[in-house]
Amino acid sequence: MQFSLVVTDKQSKARAGVVQTDHGAIETPIFMPVGTAGTVKAVHQRELKEDVKAEIILGNTYHLYLRPGLKVLEQAGGLHKFNGWDRPILTDSGGYQVFSLSGTRKIKEEGVKFRSHIDGSALDFTPENVMDTQRTIGADIIMAFDECTPYPCDYSYAKNSMERTHRWLQRCVDRFDSTEPKYGYNQTLFPIVQGSTYKDLRVKSAETIASFGREGNAIGGLSVGEPAEMMYEMTEVVCDILPADKPRYLMGVGTPANILENIALGVDMFDCVLPTRNARNGMLFTTQGIINIRNKKWADDFTPIDAELGGYVSTFYTKAYLRHLVHSTEYLAGQIASVHNLTFYLWLVKQARQQIINGTFRDWKDVMVKKLMTRL
């Protein structure tokens, strides 16, 4: 994997770049739709490519390990062949499940013992077998196995967890570098910065992660309940340390405002379930602000969902029709809303990129943050 910087904004730390993988180029800043179990919920691959214009999607190691399982994925020739997606894929290592499934897991130095959320069966995740699993899934970008700490988190816990994450990283690197890709294309490993909301821990972790010299780096353990300003503070601290010639990936973020503010701090890559999860609940992100399509005010609004955004679903369907589908609990409602929200997110990062290239990002960002978070 190669990363090239096109331009850095003179009035902020925002960057426009290109990540080159064997499955194609990714123009940054970029938002990556989340396809947890091998699918972006309610969205066809054709829609992801032609309407949403996604350049890379995510899969989740924990969920794919359980279903369909590694045997099926390997027989298929990897996740790309299994789900028909021929552009880059990134896989989360399962570190987030260490956080989200805290009631059914035990963390030890060797790794993490889980209970499957499907049938309760015992699972052992170690840095080594997580590398092997992601090799088998076939992601272009593989994430190191870490612990995503909760918020709030006391200092001693955060410090011990961070140090263990660093030890796990060394084991991940050793395993990754001693194995080969299975499907004839290159894979790359991103380490993950941890340290909760403690500046000294974040500094230490960022320095440690940078010292490994991998092709890209990630920032984890944020957007887990801490105030947005705290997220921005920690992100800025880390981005100032992580090397400028490598892409920076802020995991699990976030709202349109979160994305724009973190782009301004030097982040290149984002993912979040928010656009699809909120879509299924009737919340639409638009170029004019946020719409709760369930509200009665849209019942006789026969204008397009978002004429300015463009794209098929956003300009073909009306707000009144989508509201009708939502209240009728029709499956099509979730499909339309999901494609729309993802189209908006990809539009947003592409607009940000163009503004960075034009040298107008900061002023544009300040206007857009207020506009896009307005409730219509």
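Which residues of helix α1 (residues 45–52) are buried? I started my notebook with that one, working from a predicted model.

**Entry 1: helix α1**

I looked up the buried residues of α1 and got Gln-45, Glu-47, Leu-48, Asp-51 and Val-52. Next I wanted to know what lies over them. The cover includes β5 (57–60), α4 (79–83), α12 (312–316) and α14. I also checked the backbone where the helix stops: just after α1, Lys-53 has a positive phi of about 65°.

**Entry 2: Asn-83, on the α4 side**

Asn-83 lies in helix α4. Is Asn-83 buried or exposed? Its relative accessibility is 13%, so Asn-83 counts as buried, the cut-off being under 20%. Leaving out residues up to four places away in sequence, I found Asn-83 touching Gly-38, Gln-45 and Ile-57.

Thr-343 has its place in helix α14. With a relative accessible area of 8%, Thr-343 is buried. Which residues does Thr-343 touch, not counting residues up to four places away in sequence? I found Asp-51, Val-52, Leu-309 and Gly-310.

With residues up to four places away in sequence not counted, Ser-338 touches Lys-41, Ala-42, Val-43, Thr-276, Ala-279 and Arg-280.

**Entry 3: α13 against α14**

I then turned to the helix partners of α14. The crossing in which α13 passes α14 is left-handed. From α13, the contact uses Tyr-321, Leu-322, Leu-325 and Val-326, and from α14 it uses Leu-332, Ala-333 and Ile-336. I sorted the residues of this contact by type and got 7 nonpolar, no polar and no charged.

**Entry 4: α14 against α15**

My next pair was α14 with helix α15 (residues 361–372). The axes come within 9 Å and cross at roughly 155°. An angle over 145 degrees counts as roughly antiparallel, so that is the label for α14 and α15. Here α14 passes α15 in a right-handed crossing. On the α14 side I noted Phe-344, Trp-347, Leu-348, Gln-351, Ala-352, Gln-355 and Ile-356. They meet Phe-361, Trp-364, Met-368 and Leu-372 in α15. The residues of this contact divide into 9 nonpolar, 2 polar and no charged.

**Entry 5: the annotated range**

Last, I checked the record. UniProt, in an unreviewed entry, lists residues 12–371 as "domain: tRNA-guanine(15) transglycosylase-like". Over residues 12–371 I read 44% helix and 16% strand. The end C-alpha atoms of that range are 20 Å apart.

Conventions
Residues numbered from 1 in each chain as written. Predicted model: local features only at pLDDT ≥ 70, side-chain atom pairs only at ≥ 80, totals over all residues. Heavy atoms only, no water. Left-handed = near helix turned anticlockwise from the far one by under 90°. Helix = DSSP H or I, 4+ residues; strand = E, 2+ residues; numbered from the N terminus. Contact = heavy atoms within 4.5 Å. Nonpolar A, V, L, I, M, F, W, Y, C, P; charged D, E, K, R; others polar. Buried < 20%, exposed > 50% of the residue type's maximum accessible area, 1.4 Å probe, protein only. UniProt positions renumbered as here; feature names shortened; annotations may be inferred. Axes fitted to C-alpha atoms, helices over the stretch in contact; angles between N-to-C directions. Parallel < 35°, antiparallel > 145°, perpendicular 65-115°, else oblique.
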